[in-house]
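Keep both chains on screen as you go.

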Amino acid sequence: MSHMPEKNSWQVCQHCGKHVHDLQWAPDFRCPFCGVLQRLTADQRLKITVDAGSWQKIDLKFQTTNFLNFPGYSEKLKRAKTTTDDEEAIKIGIANIGGFPVAMGVMDSHFMMGTLNTTVGSAIKQIMQIAIEQQLPLIFFVASGGARMQEGIFSLLQMNTILNQWPDLETTKHVVINVLTDPTMGGVSASFGFKADYVLAEDHAQIGFAGKRVIGQTTHEKPAENFQTAEDLLTHGLVDQVVARENMRTKLITLLRLHSGDDVHD
Amino acid sequence: MTKTLEEKIKLIRSPNRLTARQVIRQLISDFFEVHGDRLLGDDPALTAGIGLFHKQPVNVLGINRGSNIQQRRELNGGAVRVTGYRKALRVVEAAEKFKRPVISLINMPGADASAFSEEHGQSEAIADLILKMGQLSVPNVALFLGEGHSGGALAFSNVNQILMLENALFSVASPEAVQAILKNRNKTQDASEFMPMTAQQLKKIGLVDQIVVESPSNTLMDRIDKAIVNSLNELEKLNGLQLKTQRFKKFENITQI
Ligand SMILES: [Zn+2]
C-alpha cells in the first residue's frame, strides 16, 4: 500500500491542461510540459526563498471582519481561510536569505486573489515600520488582483496610506526589493508595486493596472498575446529584470550582498 | 431631498454637469494652462496650470469628461491617461517649489483602460502622484464635482481636505462594478447601501470635510468659492510639517476600523 501514489498527488496544469505529478511540480511548480508556473502559496514561496528554519512570522495586528456587512464577504473570507489555512492574503516576518537578515511581506493569491484590504494594508505598513526600526532590507513578494472591493473605500485608502509612509523607508538606507508575481494588478500595482529600489518580475507573471479584459472591452481591440506579461514590461522599461523562479533566490542574494556594505571577496 | 444612487449617477454624468473648466473660468483669474508631461504627450482630459484665486496664486488640476460625444472622445470620457498623471506631477512639484496651494477638481470614471497607458507605466505614474500629493508642504484640496473611482481618482485626492458637491461620489470602483458583484448575490439594492460612496456617507466617516449644496444652481459657484476659501483659510494656519502630518493622520484614522 505504501507504494501506491497518495490522493491528490496529480495536479492539472492550468495552462496546458496536462496532468503533472507532485514530484514533477516540486519544488518550483513549473509545468514540465509547457513551462508555465503555478501560483505559489505564501508558505511555498517562503520555502524556496528563505534559509531553512530562519522564518520568524510576525502576527497581524487584527483579524479581518465584514464591517460593511457586504453580501457574501463573510462566506468568502471563511472559504479563503479554510483553503489557505491562513488569516489573510499576506504573511509578514523576518528571515535570512543567503545569511542576510531581511524583513519580508509575502502575498498569497490563493486568499481572495491577494486583494488589498484594511488588514493586508496594515500588515504592509507594519512590516515597513519593522524594516525601519530594525534597520533591515525589505522584500515584498507581490501577488494581488488589486483593491478588495468588499471593503470599499477603506481598501482604496490603503493605497495612499501605504504611499504616505513609503518615504520613511528612505531613512534606513537599506535596499527595498519588490518581486512582482502573478498577478500584480490594480491598486497594488498602482501603489507600492513599482516603488522599490529594484523591481523584479517573475517570468510569465501578469502585471498591470487595468485588466486585460476591461481594456479589450473599452478599446474594442484585442490586446496582444504577451500584453501585461513580465517579459513585455521588461521590453517597455517598466521592470529591472525578469527572473525565472528557479533563479529568484540567487538573484535576491546577489542584490542583498551588493547592498550589504561588506567588501566582496571570493 | 435625498436622491437615489441612480439619480445621482444620472446627474453627475449629464452633459450639463458643472465642469472643471467652468469652475476654473469663473473662479481663477489669469489662468495659465500648462501642457504636456515632457515624455509622451499631453492629456487633454486634465486641465492643469496656475492662476489667481482671490488674488492668491494657486496650482489647479481639473479633470474634464466632455459635454458632447466629440468632446468625450477627445477627452477619453475623463479617464485620465498616463500622460495626465505625469503632467499633474509637474504641476504639483511646481506648487511645492513656489509654495502654492493645489486645488483638484474631479469628475472622472476612473483610470484609463488602454494599452498605451499600461505600456507606459500608468501604475507607477498614479503611485508617483499619490506619493507626491501626500508629501506636499503646501495645502492641497480636492473638490469632487462628479464622481471619482479607483486609484486614478485617489491620485488627485490624497489631500488635506476633501470637498464634495452634494451628489458627487467617491469609491473604490464604479457603482456599476459594485452592483455587478451584488447582482451575483441576488441583491438588487443600491451599491451605496453596502458601501459608503456618497458625499453624505463619506462625511460621516470623516473622509469628506465639506459638502456643497447644489441648488439653487444659479448661486452654486458662490458656494463652491466659499467652500474652497474656508478650506484654504483653515489650512493656512498649518506649517509645512503640520500639513503633512494632518494629511497622514486624516487617512490613517479613517482606515483604523
Ligand atoms: Zn502546462
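This is a predicted model: local features need pLDDT of at least 70, side-chain atom pairs count only at pLDDT 80 or more; totals for chains, interfaces and linings use all residues.

Residues are numbered from 1 along each chain as its sequence is written, chains are lettered from A and ligands numbered from 1 in the order in which they are written, and side-chain values use heavy atoms, with hydrogens and water left out.

**Where the chains meet**

Let's start between the chains. On the A side, 43 residues are in contact with 45 residues of chain B, contact being heavy atoms within 4.5 Å. Together the two chains bury about 3800 Å², and carbon and sulfur atoms account for 74% of that. Buried area here is the accessible area (1.4 Å probe) that two parts lose on being put together, summed over both. Look for A:M149, A:N164 and A:F209: they supply 17% of the area that chain A buries against chain B, more than any other three residues.

There are polar links too. The rule finds 10 residue pairs in polar contact across this interface, both residues at pLDDT 80 or more. A polar contact is a pair of N or O atoms within 3.5 Å; within protein, one must be able to donate a hydrogen and the other to accept it, and residues adjacent in sequence count only if both atoms are side-chain atoms. Which elements of chain A give two or more residues to the side that touches chain B? They are α4 (118-133), α5 (152-165), α6 (186-193) and α7 (212-219), with α5(A) giving the largest share, 12 residues. Helices (H or I, at least four residues) and strands (E, at least two) are DSSP runs, numbered from the N terminus. By residue type, the A side divides into 22 nonpolar, 17 polar and 4 charged.

**Inside chain A**

Chain A is divided into domain 1 (1-38) and domain 2 (39-258), with bounds from an automatic or database domain assignment. Their centres, taken over C-alpha atoms, are 25 Å apart. Here 8 residues of domain 1 are in contact with 10 of domain 2, and the area buried between the two domains is about 790 Å², 48% of it from carbon and sulfur atoms. Within domain 1, A:D28, A:R30 and A:Q38 lose the most area to domain 2, together 56% of what that side buries.

**Salt bridges**

The whole structure has 21 salt bridges over all chains, each one a side-chain nitrogen of Lys or Arg within 4 Å of a carboxyl oxygen of Asp or Glu. The interface of chain A and chain B holds 3, and the count between the two domains of chain A is 2.

| Pair | Distance |
|---|---|
| A:R30 and A:D203 | 2.9 Å |
| A:D51 and A:R249 | 2.8 Å |
| B:E124 and A:K195 | 3.1 Å |
| B:D209 and B:K250 | 2.7 Å |

The pair of B:D209 and B:K250 links distant parts of the chain, from the loop between α9 and β9 (210-212) of chain B to helix α11 (residues 240-255), 41 residues apart. B:K250 is buried at 9% relative accessible area, whereas B:D209 is partly exposed at 29%. For these words, buried means under 20% relative accessible area, exposed over 50%, and partly exposed in between (1.4 Å probe, protein chains only).

**Two residues in chain B**

B:T198 sits in the loop between α8 (175-184) and α9 (199-204). Is B:T198 buried or exposed? At 7% relative accessibility, B:T198 counts as buried. Not counting residues up to four places away in sequence, B:T198 touches B:K8, B:A168, B:L169 and B:S192.

B:A94 belongs to helix α4 (residues 82-98) of chain B and is partly exposed at 22%.

Technical notes. Ala, Val, Leu, Ile, Met, Phe, Trp, Tyr, Cys and Pro count as nonpolar, Asp, Glu, Lys and Arg as charged, and the others, Gly among them, as polar.
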